[in-house]
Amino acid sequence: DDISRELREVLTDEEYDAARESTPNAHFTAPAVIAAMWQAMAGLGLPPGARILEPSMGVGHFLGLMPDALLPGSSRTGVELDAITARIAQLLYPDSTIFAKGFEETTLPDDFFDAVIGNIPFGNYPVFD
């Protein structure tokens, strides 16, 4: 179809293959759900200036919908396997640290983050060792 042909023209072979492989896990969380999760985090005592991690971030909707009251002094980090999606997230949130790799391959410091928030992909996929 036309969309596939256009993507083939603008993406490298590696980018196209990565996009195809990520399609079964690509989903987006509704803003109302994200807002409720942030409200719960604030209710649990998450202060402004917290160090936040969003694993499997996609384009970073959780970072983007972080309440303004929590933003001052915060440190935000995201991890996204799909390179194109990670680049979009980096453009949207240039003040954040974005890792374009699998979460299991990302070296993050122990006991650094105050909170982890997100809606990671899930499914019944076998683990290959």
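Reader: Among contacts in the protein chain between residues at least 6 apart in sequence, what share join residues at least 24 apart?

Author: Happy to start there, with the note that this is a predicted model, in which local features need pLDDT of at least 70, side-chain atom pairs count only at pLDDT 80 or more, and totals for chains, interfaces and linings use all residues. Residues are numbered from 1 along each chain as its sequence is written, and side-chain values use heavy atoms, with hydrogens and water left out. A contact means heavy atoms within 4.5 Å. Among contacts in the protein chain between residues at least 6 apart in sequence, the share joining residues at least 24 apart is 63%.

Reader: In what order do the elements of the protein chain run from the N terminus on?

Author: Helices (H or I, at least four residues) and strands (E, at least two) are DSSP runs, numbered from the N terminus. The protein chain has 5 helices and 4 strands. From the N terminus on, they run α-α-α-β-α-β-α-β-β.

Reader: Which strands stand at the edges of the sheet?

Author: Two strands pair if DSSP finds at least two bridges between them. The open sheet has 4 strands with parallel pairing, in the order β3-β2-β1-β4. A single partner strand is what each edge strand has, so one side of each is left without a neighbour in the sheet; these are β3 (97-99) and β4 (115-116).

Reader: Thanks! And which residue of β2 is the bridge partner of glutamate 54?

Author: Strand β1 (residues 51-54) runs parallel to strand β2 (residues 75-79), and 4 bridges join them. In β2, glutamate 54 has as its bridge partner glycine 78.

Reader: Where do the buried residues of α5 fall, seen down its axis?

Author: The buried residues of α5 are Thr85, Ala86 and Ala89, and what covers them includes β3. The arc is that of the directions from the helix axis to the C-beta atoms. The buried residues line one face of the helix, because they fall within an arc of 100 degrees.

Reader: What kind of aromatic pair do phenylalanine 112 and phenylalanine 113 form?

Author: Rings of Phe, Tyr and Trp (its six-membered ring) pair if their centres lie within 6.5 Å; planes under 30 degrees apart count as stacked, over 60 as edge-to-face and the rest as tilted. A search of the whole structure finds 1 aromatic pair. The ring centres of phenylalanine 112 and phenylalanine 113 are 5.0 Å apart and their planes stand at 90 degrees, so the pair is edge-to-face.

Reader: Is aspartate 111 buried or exposed?

Author: Aspartate 111 has its place in the loop between β3 and β4. Its phi is near 55 degrees, a positive value in a residue other than glycine. With a relative accessible area of 80%, aspartate 111 is exposed.

Methods
Buried means under 20% relative accessible area, exposed over 50%, partly exposed in between (1.4 Å probe, protein chains only).
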